[in-house]
Amino acid sequence: MTKEIFVLNGPNLNRLGTREPEIYGSTTLADIESMCMTKASELGATLTFRQSNHEGNLVDWIQEAADKQAGLVINPAAYTHTSVALQDAIKAGGVPTIEVHLSNIHARESFRHKSYVSPVALGVICGLGARGYLLALDALVSHLEQKHD
């Protein structure tokens, strides 16, 4: 059985590599996409990798993942702390989700400590940089395999 996974990225992540490298590092989103594609192939999964600065696009893609019964790795970026719409889309679609953040959101400003996605996610990986995406793929594929056994 082929496992399908969507990796969605929120606002400003298209600026990785140049945006606040002291926080986010020098790895670009294209680098992360390449790493994820390689990892997905190793895990026998197909991957759809997308980024948008617009909340509605992310909601549409979450719904698409739900319709395809795909798993979801999401870095909602700033929408983590503001978007009930993302939470509702994940919950309504029953999408198995791993939330990822490059930085440790709990070691940053207090407004970043609240996530609207975490309550509907299987798990959260933060503070491990780009490696967090790879760990999320491992965890999600394992979850999807167990779900279908």
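Tyr24 is in contact with Leu16, Arg19, Leu102, Ser103 and Arg108, leaving aside its neighbours within four places in sequence. Contact here means heavy atoms within 4.5 Å. Tyr24 is found in helix 1, residues 21-24. Helices (H or I, at least four residues) and strands (E, at least two) are DSSP runs, numbered from the N terminus.

The model is predicted: local features need pLDDT of at least 70, side-chain atom pairs count only at pLDDT 80 or more, and totals for chains, interfaces and linings use all residues. Residues are numbered from 1 along each chain as its sequence is written, and side-chain values use heavy atoms, with hydrogens and water left out.

**Annotated pair**

UniProt, in an unreviewed entry, places the feature "active site" at Tyr24 and His101. UniProt positions follow the numbering used here, feature names are shortened, and annotations may be inferred rather than shown by experiment. The two positions are spread over 78 residues of sequence, yet they cluster in space, with a largest C-alpha distance of 9.5 Å.

His101 lies in strand 4. Setting aside neighbours within four places in sequence, His101 is in contact with Asn75, Pro76, Thr80, Ile125, Cys126, Gly127 and Leu128.

**Burial**

Buried means under 20% relative accessible area, exposed over 50%, and partly exposed in between (1.4 Å probe, protein chains only).

| Residue | Relative accessible area | Class |
|---|---|---|
| Tyr24 | 13% | buried |
| His101 | 5% | buried |
| Lys39 | 18% | buried |

Lys39 lies in helix 2, residues 29-43. Not counting residues up to four places away in sequence, Lys39 touches Leu134, Leu137 and Asp138. Lys39 counts as buried because its relative accessibility is 18%.

**Nonpolar cores**

A nonpolar core is a set of buried Ala, Val, Leu, Ile, Met, Phe, Trp, Tyr and Cys residues joined through side-chain atoms within 4.5 Å. The largest such core has 25 residues, of which Ile5, Val7, Ile32, Leu47, Val73 and Tyr133 touch the most other members. Strand 1 (3-9), helix 2, strand 2 (45-51), strand 4 (97-101) and helix 5 (131-147) each supply at least two residues of this core. Helix 5 gives the largest share, six residues.

A second, separate core holds 17 residues, including Leu72, Ala89, Ile90 and Val117. In soluble globular proteins, nonpolar side chains tend to be buried together.
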